[in-house]
Amino acid sequence: MIIPDVEFCGYCITHPSESKINFRIQTRGGLPAVEPFRKGLNDLMGVCQHVLNTFERSMKEYRAQREEEMQ
Amino acid sequence: MGENGHSSWVFCWHVFQLSTYADLISCLPEVPTMAVEKVFVYNNTSIVQDEILAHRLGLIPIRADPRLFEYRNQGDEEGTEIDTLQFQLKIKCSRNPQAAKESSDPNELYFNHKVYSKHMTWVPLGNQTDLFPDADFRPVHDDILIALLRPGQEIDVLMHCVKGIGKDHAKFSPVATASYRLLPDITLLQPIEDEAAEMLQKCFSPGVIEIQNIKGKKVARVANARLDTFSREVFRHEGLKNLVRLARVRNHYIFSVESTGILPPDVLVSEAIKILMGKCQRFLNELDSVPME
């Protein structure tokens, strides 16, 4: 997500044996860093929902098409 | 959309951002399934050791919709009807009295010398017969060879299946191979004719390059770039390497998901997307609950 107020966004894994990451977001202009994070998560949920809907719709169409071909 | 058999699907997506789709592939093994976790060995006189037998039984995919079951509580040794499926494997090998004297074929000499997954029978726990009246819980494949026996040897085990995810143990993974690639983009920079056209066709996977007969000359044309496996064979030929440009279409991903048969691949993908959404939701809830300065 390319948001102009975010100056830095990245993560690194502290140690491969541990399930932990260091996640850093740096914003400019006094914007609380939590906001782009929250927006990112919400957008990701939206993307997933859209993918799910599109996928299920295409599956229905495909199945309907196959049934027609079989008959 | 394309289908290869019942348990493997290939489908195409026009998408815009790569990172989400790599996450999708990594969420696929987190879709839960049921698999054998505990094996109670009553009798095992086969040459397969108890622990090896138990390991093999754990890896057998079980046809049971995991959404009908709950996870077992930590520390719960017994298991209840909502989180456990019980299977029994009881088989004894004996000699066939009717076999010909000189025969050396084990199929003729012995009964039950090959223990297959079809010999596993479901033993309903508690009220499971009422909960699942039409259910037919069994291994996905009937012909998985578990052990070999000889007369006098027998196996008598009881198995408990629980719900788990692939992150815990690979036996719980519902997906065999899942991968994605970008759609290849093959462009012919100049018209390629005659012998060069035939050589070009041989450089690519069958069906990618088509040779058409235009005004008596053979001309090559890119018919179906999707089939190409990107072997880059064309760059090994001096005469052809400058005439073709190989690239990838940036936004077009081709996903291939192969299921182990427990859940159909389309259900797998839908569930994986829901798991990804569940993870986002958990993070959002955490953000909201922890006060930030």
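Biologist: Helices (H or I, at least four residues) and strands (E, at least two) are DSSP runs, numbered from the N terminus. On that basis, how much helix and strand does the chain have over residues 4–53 of chain A?

Modeller: Over that stretch chain A is 40% helix and 30% strand, and the end C-alpha atoms are 30 Å apart. This is a predicted model, in which local features need pLDDT of at least 70 and side-chain atom pairs count only at pLDDT 80 or more, while totals for chains, interfaces and linings use all residues. Residues are numbered from 1 along each chain as its sequence is written, chains are lettered from A and ligands numbered from 1 in the order in which they are written, and side-chain values use heavy atoms, with hydrogens and water left out.

Biologist: What does UniProt list for residues 4–53 of chain A?

Modeller: The unreviewed UniProt entry gives "domain: DNA-directed RNA polymerase RBP11-like dimerisation" for those residues. UniProt positions are given in the numbering used here, feature names are shortened, and annotations may be inferred rather than shown by experiment.

Biologist: Let us take F8(A). Which strand is it in, and what does it touch?

Modeller: F8(A) lies in strand β1 (residues 6–13) of chain A. Leaving aside neighbours within four places in sequence, F8(A) is in contact (heavy atoms within 4.5 Å) with R24(A), I25(A) and Q26(A). The C-alpha atoms of F8(A) and T27(A) are separated by 6.9 Å, although the two are 19 residues apart along the chain.

Biologist: Changing topic: how does the radius of gyration of chain B stand against that of a compact globule?

Modeller: Chain B has 27 Å, whereas a compact globule of 293 residues would be near 19 Å. The radius is taken over C-alpha atoms, and the globule rule is 2.2 Å times the number of residues to the power 0.38. The C-alpha atoms of chain B fill a box of roughly 80 × 75 × 35 Å along the principal axes. Chain B has 6 helices and 16 strands, and 41% of its 293 residues count as buried.

Biologist: What is the phi of N112(B), and of F230(B)?

Modeller: Phi is near 55 degrees for N112(B) and near 60 degrees for F230(B). Most residues other than glycine have a negative phi. N112(B) is in the loop between β7 (110–111) and β8 (114–116) of chain B, and F230(B) is in the loop between β15 (217–222) and β16 (244–259). F230(B) is buried because its relative accessible area is 16%.

Biologist: Finally, what is the volume of the second largest pocket, and which residues are closest to its centre?

Modeller: The volume is about 270 Å³, and the closest of the 15 lining residues are E37(B), R72(B), V162(B), K163(B) and D168(B). On a 1 Å grid over the protein atoms alone, a pocket is an open set of points where a 1.4 Å probe fits, with protein on both sides within 12 Å along at least five of seven lines; lining residues have an atom within 4 Å of a point. Grid points are joined across faces, edges and corners, and a volume is the space filled by probe spheres set on the points. The largest share of the lining, 3 residues, comes from β12(B).

Notes:
Buried < 20%, exposed > 50% of the residue type's maximum accessible area, 1.4 Å probe, protein only.
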